[in-house]
Amino acid sequence: MYPSIGYLIVLGAVFGGFALGGGHLAALFQPIELLIIGGAAVGAFFVGNNGKSIRATMKALPKAFRGSAYGKAMYMELMALLYEILSKVRKEGLMSIEGDLEKPRESPVFKKYPRVVADHHAIEFLTDYLRLMVGGNLNVFEIENLMDNELETHHQEGEIPVHAIARIGDGLPA
(Lines give C-alpha, C1' and ligand atoms only; values in the text may rest on other atoms or scores of the structure.)
Protein backbone atom coordinates (compact mmCIF):
# COMPACT_ATOMS: atom_id res chain seq x y z
CA MET A 1 0.00 0.00 0.00
CA TYR A 2 2.74 2.47 0.90
CA PRO A 3 4.59 2.08 -2.42
CA SER A 4 1.36 2.90 -4.27
CA ILE A 5 0.86 6.01 -2.16
CA GLY A 6 4.48 6.98 -2.81
CA TYR A 7 4.06 6.63 -6.56
CA LEU A 8 0.93 8.81 -6.45
CA ILE A 9 2.77 11.48 -4.46
CA VAL A 10 5.67 11.48 -6.94
CA LEU A 11 3.34 11.77 -9.94
CA GLY A 12 1.30 14.49 -8.24
CA ALA A 13 4.41 16.47 -7.33
CA VAL A 14 5.96 16.23 -10.79
CA PHE A 15 2.84 17.00 -12.79
CA GLY A 16 1.49 19.47 -10.25
CA GLY A 17 4.80 21.33 -10.08
CA PHE A 18 5.05 21.41 -13.85
CA ALA A 19 1.51 22.83 -14.15
CA LEU A 20 2.06 25.37 -11.36
CA GLY A 21 5.28 26.48 -13.05
CA GLY A 22 3.25 27.49 -16.10
CA GLY A 23 3.87 24.39 -18.16
CA HIS A 24 1.15 22.85 -20.25
CA LEU A 25 0.52 19.21 -19.34
CA ALA A 26 -0.22 18.36 -22.97
CA ALA A 27 3.47 19.04 -23.71
CA LEU A 28 4.38 16.07 -21.53
CA PHE A 29 2.18 13.67 -23.46
CA GLN A 30 4.40 12.43 -26.26
CA PRO A 31 3.29 8.87 -27.05
CA ILE A 32 5.77 8.30 -29.88
CA GLU A 33 8.67 9.43 -27.71
CA LEU A 34 7.48 7.19 -24.87
CA LEU A 35 7.24 4.28 -27.31
CA ILE A 36 10.79 4.89 -28.55
CA ILE A 37 12.33 5.24 -25.09
CA GLY A 38 10.25 2.47 -23.50
CA GLY A 39 10.82 0.07 -26.37
CA ALA A 40 14.56 0.74 -26.32
CA ALA A 41 14.63 0.13 -22.56
CA VAL A 42 12.72 -3.16 -22.79
CA GLY A 43 14.86 -4.33 -25.71
CA ALA A 44 18.08 -3.39 -23.90
CA PHE A 45 16.81 -5.21 -20.82
CA PHE A 46 16.39 -8.45 -22.78
CA VAL A 47 19.72 -8.03 -24.57
CA GLY A 48 21.67 -7.14 -21.44
CA ASN A 49 20.42 -9.90 -19.12
CA ASN A 50 20.43 -13.67 -19.09
CA GLY A 51 17.33 -15.82 -18.72
CA LYS A 52 17.72 -16.23 -14.97
CA SER A 53 17.87 -12.45 -14.46
CA ILE A 54 14.88 -11.85 -16.72
CA ARG A 55 12.75 -14.47 -14.92
CA ALA A 56 13.79 -13.19 -11.49
CA THR A 57 12.95 -9.61 -12.49
CA MET A 58 9.54 -10.53 -13.89
CA LYS A 59 8.80 -12.48 -10.72
CA ALA A 60 9.94 -9.56 -8.51
CA LEU A 61 8.01 -6.79 -10.31
CA PRO A 62 4.68 -7.37 -8.52
CA LYS A 63 6.51 -7.23 -5.18
CA ALA A 64 7.62 -3.67 -5.97
CA PHE A 65 4.02 -2.52 -5.66
CA ARG A 66 3.31 -4.30 -2.36
CA GLY A 67 4.58 -3.72 1.11
CA SER A 68 6.93 -6.10 2.86
CA ALA A 69 5.54 -9.30 4.33
CA TYR A 70 7.99 -8.95 7.18
CA GLY A 71 6.67 -6.76 9.92
CA LYS A 72 6.35 -6.77 13.68
CA ALA A 73 3.65 -9.46 13.66
CA MET A 74 5.79 -11.82 11.57
CA TYR A 75 8.86 -11.29 13.74
CA MET A 76 6.89 -11.76 16.96
CA GLU A 77 5.41 -14.98 15.60
CA LEU A 78 8.87 -16.24 14.62
CA MET A 79 10.27 -15.42 18.06
CA ALA A 80 7.34 -17.21 19.74
CA LEU A 81 7.92 -20.26 17.53
CA LEU A 82 11.62 -20.34 18.36
CA TYR A 83 10.84 -19.95 22.06
CA GLU A 84 8.39 -22.85 21.95
CA ILE A 85 10.79 -25.10 20.03
CA LEU A 86 13.73 -24.34 22.30
CA SER A 87 11.55 -24.78 25.42
CA LYS A 88 10.54 -28.20 24.12
CA VAL A 89 14.22 -29.05 23.57
CA ARG A 90 15.09 -27.91 27.10
CA LYS A 91 12.24 -29.89 28.70
CA GLU A 92 12.15 -33.06 26.58
CA GLY A 93 15.55 -33.22 24.93
CA LEU A 94 16.90 -32.44 21.47
CA MET A 95 15.44 -35.54 19.83
CA SER A 96 11.88 -34.48 20.80
CA ILE A 97 11.70 -31.98 17.92
CA GLU A 98 12.77 -34.42 15.22
CA GLY A 99 9.16 -35.22 14.19
CA ASP A 100 8.30 -31.51 14.08
CA LEU A 101 11.25 -30.82 11.78
CA GLU A 102 10.44 -33.61 9.34
CA LYS A 103 6.90 -32.37 8.63
CA PRO A 104 6.65 -28.80 9.91
CA ARG A 105 3.33 -28.07 8.17
CA GLU A 106 1.72 -30.98 10.01
CA SER A 107 3.42 -30.32 13.36
CA PRO A 108 1.22 -29.05 16.20
CA VAL A 109 4.03 -26.70 17.25
CA PHE A 110 4.40 -25.09 13.82
CA LYS A 111 0.63 -24.99 13.13
CA LYS A 112 0.22 -22.36 15.85
CA TYR A 113 2.24 -19.91 13.73
CA PRO A 114 0.60 -19.68 10.27
CA ARG A 115 2.57 -16.62 9.08
CA VAL A 116 5.87 -18.40 9.60
CA VAL A 117 4.61 -21.66 8.05
CA ALA A 118 3.42 -19.70 4.98
CA ASP A 119 6.96 -18.41 4.36
CA HIS A 120 8.74 -21.41 2.83
CA HIS A 121 12.17 -19.71 2.97
CA ALA A 122 11.90 -19.20 6.73
CA ILE A 123 10.62 -22.73 7.34
CA GLU A 124 13.32 -24.36 5.22
CA PHE A 125 16.07 -22.28 6.83
CA LEU A 126 14.84 -22.97 10.35
CA THR A 127 14.23 -26.70 9.93
CA ASP A 128 17.48 -27.31 8.02
CA TYR A 129 19.64 -25.85 10.77
CA LEU A 130 17.65 -27.38 13.59
CA ARG A 131 18.12 -30.76 11.85
CA LEU A 132 21.88 -30.14 11.85
CA MET A 133 21.70 -29.47 15.59
CA VAL A 134 19.66 -32.64 16.17
CA GLY A 135 22.13 -34.66 14.07
CA GLY A 136 24.97 -33.38 16.22
CA ASN A 137 27.63 -33.74 13.52
CA LEU A 138 28.75 -30.09 13.41
CA ASN A 139 29.98 -27.71 16.06
CA VAL A 140 28.46 -24.29 16.67
CA PHE A 141 31.01 -22.40 14.58
CA GLU A 142 30.52 -24.62 11.55
CA ILE A 143 26.74 -24.20 11.74
CA GLU A 144 27.11 -20.43 12.07
CA ASN A 145 29.41 -20.34 9.04
CA LEU A 146 26.93 -22.41 6.99
CA MET A 147 24.10 -20.08 8.01
CA ASP A 148 26.10 -16.99 7.07
CA ASN A 149 26.96 -18.45 3.67
CA GLU A 150 23.35 -19.39 2.95
CA LEU A 151 22.08 -15.94 3.96
CA GLU A 152 24.71 -14.25 1.79
CA THR A 153 23.74 -16.41 -1.20
CA HIS A 154 20.04 -15.69 -0.63
CA HIS A 155 20.71 -11.94 -0.50
CA GLN A 156 22.82 -12.01 -3.65
CA GLU A 157 20.11 -13.89 -5.54
CA GLY A 158 17.53 -11.40 -4.28
CA GLU A 159 19.57 -8.52 -5.68
CA ILE A 160 19.62 -9.88 -9.26
CA PRO A 161 16.40 -8.06 -10.30
CA VAL A 162 17.54 -4.86 -8.61
CA HIS A 163 20.80 -4.80 -10.56
CA ALA A 164 19.02 -5.64 -13.83
CA ILE A 165 16.58 -2.73 -13.43
CA ALA A 166 19.35 -0.39 -12.25
CA ARG A 167 21.38 -1.09 -15.40
CA ILE A 168 18.36 -0.16 -17.54
CA GLY A 169 17.78 2.98 -15.50
CA ASP A 170 21.43 3.98 -15.92
CA GLY A 171 21.06 3.82 -19.67
CA LEU A 172 17.83 5.79 -19.96
CA PRO A 173 17.56 9.55 -20.39
CA ALA A 174 16.63 11.45 -17.24
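**Aromatic pairs and their surroundings**

Modeller: Happy to. Across the whole structure, which is a predicted model, a search turns up three aromatic pairs. One of them joins Tyr70 and Tyr75: the ring centres are 6.5 Å apart and the planes meet at 25°, so this pair counts as stacked. The cut-off that matters here is on the angle, since planes under 30 degrees apart are called stacked. Tyr70 has a relative accessibility of 41%, so Tyr70 is classed as partly exposed. Tyr75, with a relative accessible area of 45%, is partly exposed as well.

Another of the pairs is made by Phe125 and Tyr129, with ring centres 4.9 Å apart and planes at 55°, so this one is tilted. An angle of that kind is neither under 30 nor over 60 degrees, which is why the label is tilted and not stacked or edge-to-face. Both Phe125 and Tyr129 belong to helix α8, where four residues, about one turn of the helix, separate them.

With 3% relative accessibility, Thr127 is counted as buried. Setting aside its neighbours within four places in sequence, Thr127 is in contact with Leu101, Pro104 and Phe110. Phe110 comes up again in the contacts of Asp100: not counting residues up to four places away in sequence, Asp100 touches Lys88, Ser107, Pro108, Val109 and Phe110. Asp100 lies in helix α5, which covers residues 98–102, and its relative accessible area is 8%, so Asp100 is buried.

As for its geometry, α4 has 21 residues and reaches 30 Å from its first C-alpha to its last, close to the 30 Å expected at 1.5 Å a residue. Just after α4 comes Gly93, with a positive phi of about 100°.

Now for the open space, where Tyr70 returns. The largest pocket holds about 1800 Å³ of space. Its lining is made of 40 residues, and Lys63, Tyr70, Asp119, His121 and His154 are those nearest its centre. Several helices take part: α3 (51–60), α4 (72–92), α8 (120–135), α9 (140–158) and α10 (160–171) each give at least two residues to this lining. The helix that gives the most is α8, with nine residues. By residue class, the lining of the largest pocket splits into 24 nonpolar, eight polar and eight charged.

The second largest pocket has a volume of about 190 Å³. Residues on its lining include Ala41, Val42, Phe45, Phe46, Ile165 and Leu172. At least two residues each come from α2 (31–48), α3 and α10, and α2 has the largest share, with four residues. In this lining there are nine nonpolar residues, two polar and no charged.

To finish, here is a look at the start of the chain. Helix α1 runs over residues 2–20, and its 19 residues should span 27 Å at 1.5 Å a residue; the end C-alpha atoms are 26 Å apart, which agrees. Just after α1, Gly22 takes a positive phi of about 95°. Tyr2 has its place in α1, and its relative accessible area of 71% means that Tyr2 is exposed. From Tyr2 to Gly171 there are 169 residues in sequence and 28 Å in space, C-alpha to C-alpha.

Key: Residues numbered from 1 in each chain as written. Predicted model: local features only at pLDDT ≥ 70, side-chain atom pairs only at ≥ 80, totals over all residues. Heavy atoms only, no water. Expected span 1.5 Å × (residues − 1). 1 Å grid on protein atoms, 1.4 Å probe; cavity = no way out; pocket = protein on both sides within 12 Å on 5 of 7 lines; lining within 4 Å. Points joined across faces, edges and corners; volume = space filled by probe spheres on them. Nonpolar A, V, L, I, M, F, W, Y, C, P; charged D, E, K, R; others polar. Phe/Tyr/Trp six-rings, centres within 6.5 Å; stacked < 30°, edge-to-face > 60°. Buried < 20%, exposed > 50% of the residue type's maximum accessible area, 1.4 Å probe, protein only. Contact = heavy atoms within 4.5 Å.
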